[in-house]
Amino acid sequence: MIGLTRGHIKLNIEKPQQGYIGSRFDWTGKVIQLWWKGIPFCTSELFDSHSDQQGKGFFNEFGIDQPMGTMK
């Protein structure tokens with residue numbers, strides 16, 4: 001885990017080979033949690049689960065046929 005802090009902002013990021021290692025999400029954008037003034041802004045896809053095989057925070061998800069955000 002990489003932790004970054006500056007002023008009122010704190011950010012936790014998973015390293016590419018750490019935690020989630022499936023094919024559903026992009027490994028280069030695994031932001032786990034963001035805090036502003038101690039207030040958390042992220043959660044897990046399955047709230048009561050601690051599995052590494054689920055979406056968390058601001059994970060980048062792939063589309064089936066094309067990248068997310070380019071679908072019409």
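Predicted model: local features only at pLDDT ≥ 70, side-chain atom pairs only at ≥ 80, totals over all residues.
Is Glu 14 buried or exposed? At 5% relative accessibility, Glu 14 counts as buried, because the cut-off for that word is under 20%.

The structure holds two salt bridges. In one of them, Lys 30 pairs with Glu 14, and the closest N and O atoms are 3.1 Å apart. That pair links distant parts of the chain, 16 residues apart. Lys 30 sits in the loop between β3, residues 25-26, and β4, while Glu 14 sits in the loop between β2, residues 9-13, and β3. Lys 30 is buried, as is Glu 14.

The side chain of Glu 14 also meets that of Lys 56 in a salt bridge, at 3.5 Å from N to O. Lys 56 has 13% relative accessibility, so it counts as buried. Put together, Glu 14, Lys 30 and Lys 56 are linked in a network of salt bridges.

Now the sheet. It is an open sheet of four strands, in the order β1-β2-β4-β5, and the pairing is antiparallel. β1, residues 2-6, and β5 stand at the edges. Each of these has a single partner strand, so one side of each is left without a neighbour in the sheet. As background, strands of a sheet pair through backbone hydrogen bonds. Between β2 and β4 there are five bridges, in the antiparallel sense.

β4 brings me to Gln 33. This residue is found in β4, which covers residues 31-36. Gln 33 has 12% relative accessibility, so it counts as buried.

What does the side chain of Gln 33 reach at 2.8 Å? The answer is the backbone nitrogen of Cys 42. The Gln 33 side chain also reaches the backbone nitrogen of Phe 41, at 3.2 Å. Leaving aside neighbours within four places in sequence, the contacts of Gln 33 are Lys 10, Leu 11, Asn 12, Pro 40, Phe 41 and Cys 42.

To close, two places to look at in the model. One is Glu 14, in a salt-bridge network with Lys 30 and Lys 56. The other is Gln 33, a buried residue in strand β4.

Notes: Residues numbered from 1 in each chain as written. Heavy atoms only, no water. Helix = DSSP H or I, 4+ residues; strand = E, 2+ residues; numbered from the N terminus. Buried < 20%, exposed > 50% of the residue type's maximum accessible area, 1.4 Å probe, protein only. Polar contact = N/O pair within 3.5 Å; in protein donor to acceptor, adjacent residues only side chain to side chain. Contact = heavy atoms within 4.5 Å. Salt bridge = Lys/Arg side-chain N within 4 Å of Asp/Glu carboxyl O. Pairing = 2+ DSSP bridges.
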